[in-house]
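This report covers a two-chain model.

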Amino acid sequence: MLIATALEKRFGAVRALAGLDLTINAGEFFALLGGSGSGKSTLLRVLAGFEAPDAGALTLDGQDLLPVPPWARPINMMFQSYALFPHMNVAENIAYGLKRAGVAGEERRSRIGAVLDLVGLQGLEARKPQQLSGGQKQRVALARSLVMRPRWLLLDEPMAALDAGLRERTGLELRALQRKTGAAFIMVTHDQQEALALADRIAVLEAGRVAQIGPPQEVYARPATRFVARFLGAANVLEGRMQDDAFESAEAGGVIASGLPTDTIAIALRAEQIRLTGADEAPCITGILEDAAFRGDDWLLIIRLQGGASLRVVHNAPPPAPGSIVGVAWGAASVVPLFA
Amino acid sequence: MGGGIGSAAFCLMRRGILLAPLWAWLLLLVAAPVLILVVMAFATPADGVPPFTLGLRFAAFAMLVEDFYYAEALLAALRLAVTTAGVCLLIAYPIALGMAGVQPRWRLPLLALLMLPFWTGFLLRLGAWIGLLRDEGLINHLLRSLGITDAPLPLLYTEGAMLAGMVHAYLPFAVLPIFTALIRLDPALLEAAADLGARPARVFFSVTLPLTLPAAAAGFLLVFIPAAGEFVIPELLGPPEAQVIGRVLWQEFFQNRDWPLAAALALALLALLILPIRWFQRLGAGA
């Protein structure tokens, strides 16, 4: 288990890590999700040993990691820029770590061969990094880390430099590799789709702290804070407060939920869980349909509510004309109360 | 559009204008002097101004081959230049690593400090060395007053004094290209090497050094070439037997007034220096 406790790191006036606590389990695919400046890259560099935190603790299976220099940590990293050695060919790049570990002769050759098979790079051993495509470079970088058989592998935005078309397939391959090797993959990403699709657990970082941590479905369905709800994209966040048993939202223009805890300060509503009401159904609230965009499987509607807030709604049938007054409704179970 | 030919001509003209200073410089300061040297080397020495009469005489070149004195002077110069450049590289790498390792805002002040000796006169700096090294100089005075020695150590007019003066004079030329290459090196490469288990010394020899080798070669040449022709430092700091080619050239020109021989000697030195330049070009193309 990799345990970070109250990690602090300052760069000048910027507090990159602000008392961050985190536990990562052996063998899991873990995603660190956050925007720029959330501290996700700093955290990764602290785990690898390239940055020393100003305060806090970091242990691996009970052993203090902070005094251990990067070259002695049982953690490997795949760099966002891949950082392939330009003066070595593919085989030499992959052999680099094995040489440092004293793996020689037949074993070195067979391990390099096996990892090239694993990432599908057979036949490219003699190429220099400059002669490879972006996707091939990414595989070499991955192979160079995996050949060390790490129990812990850090991946810094592993797919950021790839074409959109390549990204989805590479992501699935990455997860298959993680399952096959049984190593813990700790992936930094700013792409919530990537994190949701690949990770066993996600930590959403905000301003140097963990805003929420959990399995993708849980973080997606039950965001803990307004920040997480907004960052994960599809959720509508409506601010308000509990008045007796009813949640009253000025920006929505009325009471929109009931029976929530008294300290609820906002609610999250997923776009696909809101429906337009028919003539025979009382709406939760009404608004003006401002815009409708056809997305292939469905339409994305933007509805301006009475109180001024706009609501994103996913609709499965041809929508009414823009400018119409529409009613919207949702099940009580889809309302997620937010407390921060 | 009818502007195709016009714009091509314009491009050619613009390139001509841009390259004109370069060509003028090459013609006036490289080609013309070499041509004069060639003409002079085939001339016959004479009393008068200039001290030669034109002709086609090979005696000067024959002399270079026959009298080992000149070959030895060439060899001594090459030895001094190689040693100077080698020592400069050995000192330059740690300095450049230190300068590249500090925060960027400290780099410019450090660079200025490196160039600081150039703000004092060249001869003044050599005078300072003489002041330090001579028998009644600072170092001998200090050694004697501390009771470490009772007779002055012969420091000045030695190979060591000459080498110290040479390295001192040429060191910045070795530091600058290496420093530039080091700050351009992607720090992620060094981190990746450390991540794969390489300790700092291993990172240096397996990643930093190979990737900055072309710069080191450039630094070596920038020191080697002027050092091969150097005559002032051997004259002022070196032993009398250090008859390097620069000193011999000076003597032939200004003391013996045998200009054809001196010109032939200068051409031989030039020819010898072309070899390392070619070697460097190959290294640069390979990197």
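In what order do the elements of chain B run from the N terminus on? They run α-β-β-α-α-α-α-α-α-α-α-α-α-α, which comprises 12 helices and 2 strands. Helices (H or I, at least four residues) and strands (E, at least two) are DSSP runs, numbered from the N terminus.

This is a predicted model, in which local features need pLDDT of at least 70, side-chain atom pairs count only at pLDDT 80 or more, and totals for chains, interfaces and linings use all residues. Residues are numbered from 1 along each chain as its sequence is written, while chains are lettered from A and ligands numbered from 1 in the order in which they are written.

Chain B has a radius of gyration of 24 Å, well over the 19 Å from the globule rule for 287 residues, so chain B is more spread out than a compact globule. The radius is taken over C-alpha atoms, and the rule is 2.2 Å times the number of residues to the power 0.38. Further values for chain B are tabulated below.

| Property of chain B | Value |
|---|---|
| Box of C-alpha atoms along the principal axes | roughly 90 × 70 × 35 Å |
| Buried residues | 30% of the 287 residues |

A residue is buried if 20 or more other C-beta atoms lie within 10 Å of its own, exposed if 12 or fewer, and partly exposed in between. Two residues are in contact if their C-beta atoms, placed from the backbone, lie within 7 Å.

α9(B) bends by about 55 degrees at L213(B), and the proline P214(B) follows within four residues. The bend is the angle between axes fitted to the seven residues ending at a residue and the seven starting there.

At the interface, 16 residues of chain A are in contact with 15 residues of chain B. On the chain A side, β6 (75-78) and α2 (90-100) each supply at least two residues, and α2(A) gives the largest share, 3 residues.

The largest nonpolar core has 107 residues, of which L32(A), A143(A), L154(A), I186(A) and I267(A) touch the most other members. Such a core is a set of buried Ala, Val, Leu, Ile, Met, Phe, Trp, Tyr and Cys residues joined through C-beta atoms within 7 Å. Its largest share, 6 residues, comes from α2(A). Another core, of 60 residues, lies apart from it and includes I178(B) and F220(B).
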